[in-house]
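User: Hi! I'd like to learn how to read helix packing and backbone angles in a model. Could you walk me through it?

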Amino acid sequence: MSTYWVAQDVINVKPRCRDTGNNCIHDVGDADLRPLQKTDVYINTSKYYYTHMVTQEMIKKIPKVELHDHLDGSVLPQTIIELAEKYKVELPENNADALAKWFQRGSDRKSLALYLEGFSVTLSVMQTEEALERIAYEHLVTHSKENVVYSEIRFAPILNQQKGLNLEAVVAAVLKGLERGKSETGVDFGLILCAMRDQDMKISLEIAELAVAFRDRGVVGFDIAGDENGHPPKKHLDAFQFIRNRNFNITIHAGEAFGIESIWQALQICGAHRIGHATRLIEDITFQGTRIEKMGSLANFIRDKRVPMEICLSSNVQTGATKNFDEHPFHVFYRNGFRVFLCTDNRLMSNTSLTKEMEIAVKHYNLNLRDLEKLTLNAMKSAFIHHDDRIRIIYDIIKPGFAKLRNETNPNG
Ligand SMILES: [Zn+2]
């Protein structure tokens with residue numbers, strides 16, 4: 001087991017409470033702590049839980065929230081092999097480990113277009129109701145193993161029609177698998193239907209209608225995915241307008257392979273309620289270290305309006321949206337009050353899990369347990385299920401989960 005220590009000069013910083021000016025802890029929302037300043041007191045305060053080291057063991061136990069996770073990017077390698085055998089599909093590798101590595105090699109080529117190539121292989125075994133039900137079920141079981149308590153899973157049903165399934169049957173099969181997973185594991189879920197950027201706008205409208213038709217059966221939102229380059233989201237305005245007219249939820253992949261124009265369009269033209277990635281919003285910000293010197297109007301708007309940003313660290317490094325973890329703008333966003341949280345994007349393609357993403361964040365950005373709790377609350381507040389359900393999960397599951405962890409770590413604290 002490896003242990004990540006938060007750098008000494010950071011763990012001992014405890015910003016003064018904005019209200020009292022003292023070093024107190026209180027349970028507040030998004031804007032509780034101002035960014036760290038040079039004048040902040042440095043105290044050796046081991047009794048405060050968030051100055052503790054964060055171990056892998058602790059990260060595993062954290063109640064997690066996943067909001068950006070593609071079903072076809074997260075299939076278990078052994079399942080792909082078994083289904084390929086059944087459906088007589090040829091695979092690039094026939095051993096689970098070798099196949100997993102094949103996907104991961106393919107993803108790590110610093111290009112979103114190349115990253116997306118592996119999906120044709122997973123999709124080749126996702127063309128029957130039986131396969132879709134199994135994969136969805138296993139997906140939620142995988143989540144439960146790392147203590148995910150709420151998960152929003154997304155997929156593009158139009159890509160599961162190679163053997164003639166109709167769209168309703170595709171969505172129903174996935175929901176059936178997720179329901180079975182939920183009743184077995186207790187993991188709550190919401191399903192997001194994706195349209196593809198490079199497809200015709202008639203198809204995206206059809207998917208939007210499908211999402212709304214299934215809103216009472218577990219579908220919680222609509223997304224547009226695929227290669228950003230040359231495929232602006234505004235091409236699909238009819239779909240977004242339909243969703244908005246029906247008071248439904250929109251998240252849009254933007255600011256990954258393309259810059260701030262794409263994020264602006266997603267928000268101001270298409271009406272997105274969350275942004276998938278938003279990595280390149282950093283192009284609208286001038287900063288030194290994690291200190292912001294100047295922000296453009298888009299970055300200000302996103303922070304002011306608390307627009308949720310679904311951050312996928314590993315995936316971003318693999319697609320080349322950012323050079324490496326240390327240069328990833330997550331740290332600038334997080335330390336300056338943006339509504340960010342961690343997501344996996346594609347567990348198979350990116351060889352990751354929420355546990356791994358949290359480990360990366362602890363290691364590269366000196367996050368502590370309190371930071372991980374804040375990120376988890378950011379995510380849950382941004383979920384597409386209704387407000388009362390979000391509150392229930394926050395107060396019945398997430399907060400007690402973190403309280404228990406604090407207690408285990410420091411029973412006298
Ligand atoms: Zn994605």
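Analyst: Happy to! Two packed helices are described by the angle between their axes and the distance between the axes. Here, helix α3 (residues 77–87) and helix α4 (residues 96–107) pack at about 110°, with their axes 8 Å apart. That angle makes α3 roughly perpendicular to α4 (a label for 65 to 115 degrees). Axes are lines fitted to C-alpha atoms over the stretch in contact, and angles run from 0 to 180 degrees between N-to-C directions. Helices are DSSP runs of H or I with at least four residues, strands are E runs of at least two, and both are numbered from the N terminus.

This is a predicted model, where local features need pLDDT of at least 70, side-chain atom pairs count only at pLDDT 80 or more, and totals for chains, interfaces and linings use all residues. Residues are numbered from 1 along each chain as its sequence is written.

User: Which residues of α3 and α4 make the contact?

Analyst: P77, Q78, I80 and I81 come from α3, while α4 supplies A96, L99 and A100. Contact means C-beta atoms, placed from the backbone, within 7 Å.

User: And what about phi?

Analyst: Most residues other than glycine have a negative phi. K88 has a positive phi of about 55° although it is not a glycine, and K88 is found in the loop between α3 and α4.

User: Is K88 buried or exposed?

Analyst: K88 counts as exposed because it has 6 C-beta neighbours inside 10 Å; the cut-offs are 12 or fewer for exposed, 20 or more for buried, and partly exposed in between.

Key: Angles under 35 degrees count as roughly parallel, over 145 as roughly antiparallel, 65 to 115 as roughly perpendicular and the rest as oblique. Two residues are in contact if their C-beta atoms, placed from the backbone, lie within 7 Å.
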